[in-house]
Every structure is written in structure tokens, then in C-alpha cells.
Amino acid sequence: MSDVISEKFVRGLPKAELHLHLEGTLEPDLKLKLARRNGVDIGQSTVEDVRATYRFDSLASFLAVYYPAMEVLQTEDDFHDLAAAYFRRAARDGVRRAEVFFDPQAHTARGIPLETVILGYSRAAREASRIGVHADLILCFLRDMSAESAVETLAGALPYKEHFVGVGLDSDERDNPPEKFADVFALAHREGLHVTMHCDIDQIGSVDHIRTALTALGAERLDHGTNIVEDPALVDLVVENRTGLTCCPVSNSFVTEDMKATEIVSLLREGAAVTINSDDPAYFGAYVAENYLQLARVAGLSRDEVAQLARNSIEVSWIDEDERIALLADLDAYLANV
Ligand code: ADE
Ligand code: ZN
């Protein structure tokens with residue numbers, strides 16, 4: 001019989017969130033506030049009107065809503081306020097470590113200086129430690145832009161290297177395989193940055209992209225990546241190397257036909273370092289605790305399995321070793337007392 005997993009238990013679990021797009025945390029009320037603050041006409045004036053535009057059934061249709069919404073982000077304070085609102089929610093969900101994505105090219109392409117974006121987000125990340133969230137940024141390249149633009153973006157960001165711990169790859173995967181970005185990932189490795197990349201769900205060539213990311217591009221984690229179940233040798237590889245898979249069940253249920261619970265749970269039970277995350281919670285309506293809960297309910301997870309998901313998230317995070325040990329000890333203490 002499966003355990004009853006309560007919201008209280010899940011929220012209290014010390015955990016890391018490793019797959020979260022800051023731009024995907026733009027809640028309708030904040031969007032309206034920033035639009036007013038910056039005099040941007042977004043064509044909607046109520047939360048309900050904004051929410052009604054948040055409709056999609058695929059990665060491409062989601063991205064078509066996601067990028068135009070960013071127009072309301074103009075100043076360093078706007079980027080700060082967006083990230084600060086997310087960290088407050090994350091703290092309430094038991095997130096103690098957050099490694100969060102941001103998309104500089106989505107802003108520089110519309111004339112916002114890179115410095116404005118990085119300094120706003122970074123200030124909020126530093127302040128988050130006051131509410132118990134140790135946060136770091138991951139700079140993502142938009143894969144539907146050119147490889148040269150990715151290299152220019154990283155080169156332009158290197159003077160701000162103290163503000164981010166790693167790089168990632170996101171946006172529309174169709175016709176944009178990871179090998180297109182071999183040069184920028186090589187540069188990131190030379191600069192000592194961590195490397196992760198999206199291998200989105202059910203894309204054309206998903207398994208080939210996963211293989212390339214793991215064996216040729218030095219990806220330390222895969223964002224999504226559940227199509228790996230189609231290749232047992234690759235599953236063995238990630239189990240052996242403890243490569244983190246940052247899965248996002250509720251997001252999956254919006255952009256594909258289901259949560260991919262079968263794949264996520266089979267990977268977990270085979271010993272892969274599966275983690276649960278929220279991706280773009282303002283758009284998919286679920287922050288990280290809700291993602292744990294929905295997966296646990298759909299898949300009938302035991303309490304030990306839910307705890308293992310949190311343990312995995314801490315183990316594959318890019319936190320300093322002494323902090324990892326402390327966070328794992330907090331997790332053990334929590335489990336011993338519930
Ligand atoms: N940008 C924001 N969310 C994304 C996702 N889940 N996949 C690819 N690009 C994204
Ligand atoms: Zn994502």
C-alpha cells in the first residue's frame with residue numbers, strides 16, 4: 001500500500017530546485033504591476049485576462065506566449081523584484097538551495113543591457129540567503145538563436161562571472177541540437193563553469209541529443225531528459241555517473257500528453273538521480289512542492305521515494321561540499337522527526 005504523502009510533509013522536506021526559469025515565474029499580478037510601472041501596454045488589464053493568455057499544448061506554443069510577456073521587464077529593479085518574488089515562494093516550499101535559469105538573449109535582443117539583467121537577478125539571489133534559500137544563477141543560451149550569438153553572450157557575461165555558476169541551453173529544440181553549441185560549451189568548461197542543458201520531452205532526435213550532451217559536450221545534468229528510458233545503455237551511464245535529471249512533471253503535462261510519471265518513476269527506481277522541479281511555475285500553475293505532490297499521487301510514491309527525490313536534488317546540486325553535507329544532515333534530521 002502506498003503512503004499518504006501530505007502537503008505538510010513535502011513542504012517541510014529540505015530540497016534543492018534545479019530547473020526553474022526566472023522568466024517563467026512571472027505571475028499575472030506582477031506582470032500587470034510591471035506593465036503599469038514601465039508604461040508598457042500589454043493589452044490586458046486584469047489578472048484573469050492575463051491568465052487567459054497563458055494557454056499552450058506544446059513547447060513551441062508555450063514559448064510563443066512566454067517571450068512576449070518579458071516586455072514588461074525593463075529595469076534592474078524589475079529583474080530583482082521578479083526573482084525576489086520567486087525566492088519567497090521557494091522558501092515556503094522548503095527550497096534551501098536554488099540554481100535558477102535566466103535567458104539573457106531574450107532581454108539583450110530587445111535592447112536591455114546584460115548588466116541590468118544580471119545585477120538585478122544577482123541582487124535578489126544574494127538577498128535570498130536571509131530567508132534561508134542559498135541561490136545561484138545559471139545563464140542559458142537560446143538554442144533557436146545562432147551559435148555565434150551564444151558565444152558572444154558568454155563572452156559578454158564573463159566580466160560578471162562571479163554572478164553565475166554555470167550555463168544551460170533552452171528554448172525551441174526542434175532543428176537546434178546540442179552539438180550546434182559545442183564551441184560555447186567548450187568555452188564554458190575552460191572558464192570552469194558548470195554545464196547543463198535541456199533535452200526536452202519527445203523532441204525529434206531526443207535520444208541522440210541526450211547521448212551527445214552526455215558523451216560529447218560534458219553535460220553534468222540533463223534538464224528533462226526522460227526520453228533516456230528508450231536507451232538502456234544511456235540509463236546505465238547516468239545511474240553509474242549519478243548524472244542529475246531535472247524533471248518537471250506538471251510542465252510535462254502541459255507541453256506533452258502527460259506528466260511522464262511512468263518514465264520518471266522507472267528512472268528513480270533504477271537508481272538514476274531524478275529530481276523534481278517546477279520549470280515555469282507561473283505558467284503551469286505549480287511550484288515545486290506541488291510538483292512533488294502531484295507526482296506522488298499519480299504514481300503512488302512511498303514516503304521513502306519522495307524523500308529520495310529531495311536527497312537526489314541536494315546530491316546533484318552545485319553547492320559547496322560543506323553546505324551539501326549540512327543540507328543532507330538537515331534532511332536526515334527532518335526525516336527522523338516526522
Ligand atoms: N524556456 C522556458 N522553459 C523551457 C522549457 N521547459 N524548455 C525549453 N525552453 C524553455
Ligand atoms: Zn525548462
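Biologist: What volume does the second largest pocket have?
Modeller: Rolling a probe the size of a water molecule over the atoms shows where empty space is left. In this predicted model, the second largest pocket has a volume of about 180 Å³. A pocket is an open set of points on a 1 Å grid over the protein atoms alone, with protein on both sides within 12 Å along at least five of seven lines; a cavity is a set where a 1.4 Å probe fits but cannot get out, and lining residues have an atom within 4 Å of a point. This is a predicted model, with local features needing pLDDT of at least 70, side-chain atom pairs pLDDT 80 or more, and totals for chains, interfaces and linings using all residues. Residues are numbered from 1 along each chain, chains are lettered from A and ligands numbered from 1 as written, and side-chain values use heavy atoms, without hydrogens and water.

Biologist: Which helices each supply at least two residues of that lining?
Modeller: They are H1 (7-12), H5 (76-92) and H15 (288-299), and H15 gives the largest share, 3 residues. Among the lining residues are Glu7, Arg89, Tyr287 and Leu293.

Biologist: How much space lies in the largest pocket?
Modeller: About 220 Å³; Ser58, Asp172, Gln203 and Thr256 are among the residues that line the largest pocket.

Biologist: Where does ligand 1 sit?
Modeller: Ligand 1 sits in the largest cavity. Residues around ligand 1 include Phe62, Tyr66 and His224. Nitrogen atoms of ligand 1 lie 2.7 Å from a side-chain N or O atom of Asp280, 3.0 Å from one of Asp200 and 3.2 Å from one of His21.

Notes
A residue is near a molecule or strand if one of its heavy atoms lies within 4 Å of it. A polar contact is a pair of N or O atoms within 3.5 Å; within protein, one must be able to donate a hydrogen and the other to accept it, and residues adjacent in sequence count only if both atoms are side-chain atoms. A molecule sits in a cavity or pocket if more than half of its atoms lie within 2 Å of its grid points. Grid points are joined across faces, edges and corners, and a volume is the space filled by probe spheres set on the points. Helices (H or I, at least four residues) and strands (E, at least two) are DSSP runs, numbered from the N terminus.
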